[in-house]
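Open the model in your viewer and keep the selection tool ready. This tour moves from one stop to the next.

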Amino acid sequence: TDVRALLARSLLAQNNANAVTRLLSAAWRDQPHDPTLRMTLWQARSQCEQPARLCQLILAHLPEINDSNELKLVLGLLATLPHAPKNVGVVRYDTESGEIRGWALNLRAPQTPLRLQLQANGRTTQFPADSAHPLLQQAGISANHGGIQVQVPQPTPELHIRFKDGAALLGSPLSVLAPFVPPSPVAGNDARQQPVDVLVPVYEGLAETLECIDSVLRNRGLNQTEHRLVVLDDASPNRALSQALKNLAASGQIHYVRQPTNLGFIRNTNRGMA
């Protein structure tokens with residue numbers, strides 16, 4: 001890491017930001033949480049990327065940033081880009097506390113608290129981002145507002161957090177699901193007579209996913225146990241893949257379940273078991 005950082009600083013001093021970007025992009029994949037590499041890479045990107053591309057990169061990585069210096073740097077860069085949104089924010093659902101947590105700021109007026117919209121179950125309510133947030137405090141951006149901390153009273157499969165202009169915060173929509181309750185086990189010899197569900201979690205990869213499912217369908221005749229093929233679509237952004245799965249379900253070859261929002265592999269699979 002130290003050698004890469006030293007080489008990157010030397011290249012930056014020679015105004016060779018493209019070489020730094022290539023060097024540290026590879027290093028980032030190996031050490032994605034190293035703060036020195038991340039900071040230097042953002043500095044290089046700010047010198048060589050087109051504004052639209054730089055804006056896209058910052059927004060894509062903003063939810064994962066948990067270092068105050070890095071957050072201050074990227075928000076400062078974002079504020080200078082011509083087509084960047086004036087309002088930015090990140091939300092997530094904390095399962096332990098049952099709260100939506102995150103932060104939201106107006107980059108042009110960070111001293112003014114924002115009002116946000118929460119949409120769930122056909123209802124819309126407004127609330128302010130007026131609590132303190134440690135990351136914003138440490139970055140020196142906002143001492144006593146910008147933080148989001150909202151209790152969710154009941155489960156809902158799809159919950160949206162938006163700015164007043166309708167733009168969604170990064171991380172929205174969220175799934176606020178009820179606690180997972182596994183089915184009761186079947187005791188004794190009766191368990192051997194029960195049908196089996198074959199679960200296939202899906203997110204991306206059109207050709208690979210359909211090849212996987214086809215291999216299961218081709219070999220169903222070799223099974224002596226009654227079974228069902230359940231495909232769990234984790235809100236895939238691949239429309240062609242989702243449509244192909246719907247077609248298979250319409251023909252009766254699979255049982256198709258699409259999650260309303262992306263849950264990640266473990267939660268998607270647990271919900272499928274439930």
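**Stop 1: Ala-139**

Select Ala-139. Beyond its neighbours within four places in sequence, Ala-139 is in contact with Ser-68 and Lys-72. The model is predicted. Ala-139 sits in the loop between helix 6 and strand 5 (147–151). Is Ala-139 buried or exposed? Its relative accessibility is 5%, so Ala-139 counts as buried, the cut-off for buried being under 20%.

**Stop 2: the whole chain**

Zoom out. The protein chain has nine helices and ten strands. Its radius of gyration is 23 Å, well over the 19 Å that the globule rule gives for 274 residues, so the chain is more spread out than a compact globule. Along the principal axes, the C-alpha atoms fill a box of roughly 70 × 45 × 35 Å. Colour by burial: buried residues make up 39% of the 274 residues. Of the contacts between residues at least 6 apart in sequence, 59% join residues at least 24 apart.

**Stop 3: the largest nonpolar core**

Select Ile-58, Leu-62, Leu-71, Leu-75, Leu-78 and Trp-103. These have the most contacts inside the largest nonpolar core, which has 33 residues. Several elements each supply at least two residues of this core, including helix 1 (2–13), helix 5 (68–80), strand 1 (87–94) and strand 2 (99–106). Which helix gives the largest share? Helix 2 does, with six residues. In soluble globular proteins, nonpolar side chains tend to be buried together.

Centre on Leu-75. Leaving out residues up to four places away in sequence, Leu-75 touches Leu-62, Val-88, Trp-103, Leu-105, Leu-107 and Ile-141. Then move to a second, separate core of 19 residues; among them are Ala-120, Phe-127, Ile-148 and Phe-163.

**Stop 4**

Select Glu-158 in strand 6 (residues 156–163). Glu-158 is partly exposed, with a relative accessible area of 33%. Show what surrounds it. Not counting residues up to four places away in sequence, Glu-158 touches Gln-119, Ala-120, Pro-173, Leu-174, Pro-260 and Thr-261.

Step on to Pro-173, in the loop between strand 6 and strand 7 (174–176). What kind of peptide bond joins Ser-172 and Pro-173? The bond is cis, with omega about 5 degrees.

**Stop 4**

**Stop 5: two positive phi angles**

Most residues other than glycine have a negative phi, and most peptide bonds are trans. Finish with two asparagines. Select Asn-15 in the loop between helix 1 and helix 2. Its phi is positive, near 60 degrees. Asn-15 is exposed, with a relative accessible area of 67%.

Then pick Asn-121, in the loop between strand 3 (115–120) and strand 4 (123–128). Asn-121 also has a positive phi, about 55 degrees. With a relative accessible area of 48%, Asn-121 is partly exposed.

How values were computed. Residues numbered from 1 in each chain as written. Predicted model: local features only at pLDDT ≥ 70, side-chain atom pairs only at ≥ 80, totals over all residues. Heavy atoms only, no water. Core = buried A, V, L, I, M, F, W, Y, C linked by side-chain atoms within 4.5 Å. Buried < 20%, exposed > 50% of the residue type's maximum accessible area, 1.4 Å probe, protein only. Helix = DSSP H or I, 4+ residues; strand = E, 2+ residues; numbered from the N terminus. Contact = heavy atoms within 4.5 Å. Rg over C-alpha atoms; globule rule 2.2 N^0.38 Å.
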